[in-house]
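Here are my notes on the model you sent. Please read them with the structure open.

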Amino acid sequence: MIRPLFRIPAAAAAIALLAAGCASADGSASPGGLEKTHLVVAAVPAADSAGVYIAQQDGLFAAEGLHVTIQPAISSEKVIQQQLAGQIDVSSGAYPSYIHADAVSHADFKILAAGSIMQPRNQVIMVPSGSPIRTIQDLRGKTIAINAPENILEMLVSALLRDNGMTPKQVHFVNIPFPFMALTMQTHAFAGHRMTIDAASMPEPFVTGAEESIGAQPLADEDVGAAQAMPISGYVVTKTWAQKYPKTAAAFLTALEEAQRIADTNPKAIEKALVTYSPGVTPTEAAVMAVPSFPLNTDPVLIQRVADLMTQLGFLPGSYNVRQMILH
């Protein structure tokens, strides 16, 4: 069995429990010697975050003595700022933003655990019903919605364009949060301003939601070519947090590992989790959406693919070794 990082042996756990011990966030002694028991976890409300949702809904965090508050992560830039300011303990999001922050700004993020790996049809470029766009080449000169600059969606679209003989400079990217992409395609407006988008790069459950709500159509599956089976998201902490709360990190990982196992083998658990934690997702949408796979270990070779593709596409100024980001 693959062991999670930071697993505490039973004897050590017993000693920690009997010891005068570490204090919790409010200063009181915490069960099991956890340094911190109340955690704020920011998670992108997509299928990729199913692991943390299942750990919460099935009481796996509670069983480890953790009280977890999950908040939606809409902007990676905002989440990174909050996490560096100590307002967020763990964030579940796409790798490129964290790799860029670490490589360029020396933010010193650490990957606590892998979250998801792309599978067919769970990251898709969508177009409105009746769109004249039929092929990738038809995107030339068009506007494509992504959720954040130089994050996973822009990377996937750029890789797809490159694989089809185009460059990212031949399209226009605009940033729109996932929950508003479909409506913006339909109404040509966002936040009170006129905005026409010709296509949108979306993860599930937003792909299925766009199909159901506005009749959007899939143009291209992004799980192809250079990006096929690409690692998408992970659970990230700062180095300072990991050093300060090692037993808390171990407890979080124990719960998450079990949740990842459930996510990889029980589609009904994912459906329930997305309906509960991803606002607006209906049971029907959750039942038919395509989902990623949920790895049980953090493979630096796989995650290195993300950094290498970022370098190839110009998202990074040079090569970057992700091993320095992974907690061992």
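A nonpolar core here is a set of buried Ala, Val, Leu, Ile, Met, Phe, Trp, Tyr and Cys residues joined through side-chain atoms within 4.5 Å. Buried means under 20% relative accessible area, exposed means over 50%, and partly exposed lies in between (1.4 Å probe, protein chains only).

This is a predicted model: local features need pLDDT of at least 70, side-chain atom pairs count only at pLDDT 80 or more, and totals for chains, interfaces and linings use all residues. Residues are numbered from 1 along each chain as its sequence is written, and side-chain values use heavy atoms, with hydrogens and water left out.

1. Cores. The largest nonpolar core has 55 residues. Ile99, Phe109, Met155, Met181, Met185 and Met202 touch the most other members. A second, separate core holds 40 residues, including Ala55, Ala113, Leu256 and Ala259. In soluble globular proteins, nonpolar side chains tend to be buried together.

2. Met155. What does Met155 touch, not counting residues up to four places away in sequence? Its partners are Pro96, Met230, Val306, Leu309, Met310, Leu313 and Phe315. Contact means heavy atoms within 4.5 Å.

3. Overall fold. The protein chain has 13 helices and 12 strands. These are DSSP runs, numbered from the N terminus: helices are H or I with at least four residues, strands are E with at least two. For 328 residues, a compact globule would have a radius of gyration near 20 Å; the chain has 20 Å, which agrees. The radius is taken over C-alpha atoms, and the globule rule is 2.2 Å times the number of residues to the power 0.38. Along its principal axes, the C-alpha trace spans about 70 × 45 × 40 Å.

4. Of the 328 residues, 53% count as buried. Take the contacts between residues at least 6 apart in sequence: 77% of them join residues at least 24 apart.

5. Surface and charge. The protein chain exposes about 13,800 Å², and carbon and sulfur atoms supply 55% of that area. Accessible areas come from the Shrake-Rupley method with a 1.4 Å probe; for residues, only the protein chains shown count as cover. There are 20 positive and 27 negative side chains, and the centres of the two sets lie 3 Å apart. Lys and Arg count as positive, Asp and Glu as negative; His and the chain ends are not counted. Each charge is placed at NZ of Lys, CZ of Arg, CG of Asp or CD of Glu.

6. Helix α2. Seven of the eight residues in α2 (residues 50–57) are buried, so the helix is largely enclosed by the rest of the structure. The buried set is Ala50, Gly51, Val52, Tyr53, Ile54, Ala55 and Gln57. These residues pack against β1 (38–43), α3 (60–63), β2 (67–72), β12 (231–238), α10 (246–265) and α11 (267–277). Just after α2, Gly59 takes a positive phi of about 75°.

7. Lys268. This residue lies in α11. Lys268 counts as exposed, at 58% relative accessibility.

8. Backbone points to check. A cis peptide bond joins Glu204 and Pro205, with omega about 10°. Pro205 is in the loop between β10 (199–203) and α8 (206–214). Arg121, a residue other than glycine, has a positive phi near 70°. Arg121 sits in the loop between β4 (109–117) and β5 (123–127), and is exposed at 55% relative accessible area. His188 also has a positive phi, near 60°. His188 is in the loop between α7 (178–187) and β8 (189–190) and counts as partly exposed at 30%.

9. Glu222. Is Glu222 buried or exposed? Glu222 is buried, with a relative accessible area of 1%. Its place is the loop between β11 (217–221) and β12. Leaving aside neighbours within four places in sequence, its contacts include Met118, Gln123, Val124, Leu153 and Ser201.

10. Ala189. This residue is in strand β8 and is partly exposed, at 32% relative accessible area. Ala189 touches Thr184, Arg194 and Met195, not counting residues up to four places away in sequence. Ala189 and Asn164 are 25 residues apart in sequence and 30 Å apart in space, C-alpha to C-alpha.
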